[in-house]
Amino acid sequence: MWPTAELHVHLEGTLEAELLVSLARRNGLALPSSDPAELRSRYVFSDLQSFLDIYYANLSVLRTAEDFYDLAYSYLQRAKAGGVQHVEAFFDPQTHLENGVPLAAVFEGFSAAFEQGRKTLGISAELILCFLRHLGPEAAQDTLSLALPYRDQFIGVGLDSSEIGFPPSLFTDVYARAAAEGLHRVAHAGEEGGPDYVWQALDLLQVERIDHGNRALEDPALVTALWDKQIPLTVCPLSNLSLKTASPDLAEHPLRRMLEENLLVSVNSDDPAYFGGYVDDNFAALEHALGLSTTDLARLARNSFRSAFLPEAEKDRLCALVDACATQQAAPAERDATR
Ligand code: ADE
Ligand code: ZN
């Protein structure tokens, strides 16, 4: 198991069906079924929107600070068991505000879970506030205004939800405002949208990372720009399979070319409760399908730390954990070779 940073996970996308059922019960809310297996059997998607429809509907069970705590702490426990040492997690405040949940409850629950994760699990975690692109730029501005009183509880802003028809250019002003507040900037781009969306995220939103970025490979000049500036790409292979945003054959996943092009690519889970796996599951699936070597896997793990919003000394410390793991993994082969 590789030590990694997870840089592309939506906390709301870690809502496992069992927790969904127990939160619905706790809050006296109805679900289409109270059987987790039956709920899970509906997680068959044709594209991003077909997933988002179910994902947003399920989020109505999150009501109190305790619910947000339980969601985030369950994720941190599972992530740590899979080797994750540091998390920069997305959340969608607009969904909760629309459900009548005050932002104070969201921040209280997530921040308490992160604190507990630090103390009990030794995992570090930060929040990235995402704007829902389908609600448009004015709603994003209003959301940022509501969130700024909690400025010390999140490190950056992101852009998610339905991609096509909602280009990054719409959000130029709110990203400039976030930058002026000293917030980090990332955006989903090139998941379903074309390379032009990735260019806009870079040039207009001035993002420091691209979430997904698969379709950037269609434009050689964009590949060169991503390499030149060493812009990290947070790639989510099992998500791409589930949402049909990449070939159904994982052996053809764009990550192979991203590695060949020497891009700063990392492996992430996106919405693990829906897409069949956490970061370690994504690593295992890739190792098998792409025939990745220990060197490739160690590079992906190191890339995750190099792509994080962490001080350089902390990145060095975490990369040393990867080096130690790589040495350990290579040891049996070397022992055999010297026999
Ligand atoms: N929100 C949650 N998961 C998402 C994804 N994969 N793409 C866009 N928005 C999302
Ligand atoms: Zn995502």
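Predicted model: local features only at pLDDT ≥ 70, side-chain atom pairs only at ≥ 80, totals over all residues.
Residues are numbered from 1 along each chain as its sequence is written, chains are lettered from A and ligands numbered from 1 in the order in which they are written, and side-chain values use heavy atoms, with hydrogens and water left out.

**Thr4 and its strand**

- Thr4 sits in strand β1; strands (E, at least two residues) and helices (H or I, at least four) are DSSP runs numbered from the N terminus.
- Thr4 counts as buried because its relative accessibility is 1%, where buried means under 20% relative accessible area, exposed over 50% and partly exposed in between (1.4 Å probe, protein chains only).
- Between the C-alpha atoms of Thr4 and Ala285 there are 16 Å, with the two residues 281 apart along the chain.

**The sheet**

- Eight strands make an open, parallel sheet, in the order β1-β2-β3-β4-β5-β6-β7-β8; two strands pair if DSSP finds at least two bridges between them.
- β1 (4-6) and β8 (265-267) are the edge strands, each with a single partner, so one side of each has no neighbour in the sheet.
- From one strand to the next, the twist averages 25°; axes are lines fitted to C-alpha atoms, for helices over the stretch in contact, and angles run from 0 to 180 degrees between N-to-C directions.
- Helix α4 (residues 65-81) lies across β1, β2 (84-91) and β3 (124-132), and runs at about 145° to β2.

**Around β5**

- β5 is mostly covered, with five of its six residues buried.
- On one side, β4 (residues 156-160) pairs with β5 in the parallel sense over two bridges, and Gly156 stands opposite His184 of β5.
- β5 (residues 184-189) is also joined to β6 (residues 209-212) by four bridges, again in parallel.
- In β6, Ile210 is the bridge partner of Ala187, and His212 is the bridge partner of Ala189.
- The chain then crosses from β5 through helix α9 (residues 195-203) to β6 in a right-handed β-α-β crossover; right-handed means that, with the strands pointing away from the viewer, the path from the first strand over the helix to the second runs clockwise.
- β4, helix α8 (residues 172-180) and β5 likewise form a right-handed β-α-β unit.

**Nonpolar cores**

- In soluble globular proteins, nonpolar side chains tend to be buried together.
- The largest nonpolar core has 106 residues, and Tyr175 and Leu255 touch the most other members; such a core is a set of buried Ala, Val, Leu, Ile, Met, Phe, Trp, Tyr and Cys residues joined through side-chain atoms within 4.5 Å.
- Helix α4 gives this core its largest share, eight residues.
- Apart from it lies another core of six residues, among them Phe90, Ile128, Cys130 and Ile155.
- Beyond its neighbours within four places in sequence, Leu255 contacts Val235, Val265, Val267, Leu286, Leu290, Leu292 and Leu300.

**Phe309**

- Phe309 lies in the loop between α15 (294-306) and α16 (312-338), and is buried at 18% relative accessible area.
- Setting aside neighbours within four places in sequence, its contacts are Glu88, Ile128, Ile155, His184, Val186, Glu208 and Arg209.
- The C-alpha atoms of Phe309 and Gln77 are separated by 21 Å, and the residues are 232 apart along the chain.

**Cysteines**

- The disulfide count is zero, a disulfide being a pair of cysteine sulfur atoms within 2.5 Å.
- For Cys236, the closest cysteine sulfur is that of Cys130 at 12 Å, too far for a bond; Cys236 is buried at 0% relative accessibility.
- For Cys319, the closest cysteine sulfur belongs to Cys325, and 12 Å is again too far for a bond; Cys319 is buried at 5%.

**Positive phi angles**

- Most residues other than glycine have a negative phi.
- Ser161, not a glycine, has a positive phi of about 80°; Ser161 lies in the loop between β4 and α8 and is buried at 7% relative accessibility.
- Asn262, also not a glycine, has a positive phi of about 60°; Asn262 is in the loop between α12 (255-260) and β8 and is partly exposed at 44%.

Terms used
Contact = heavy atoms within 4.5 Å.
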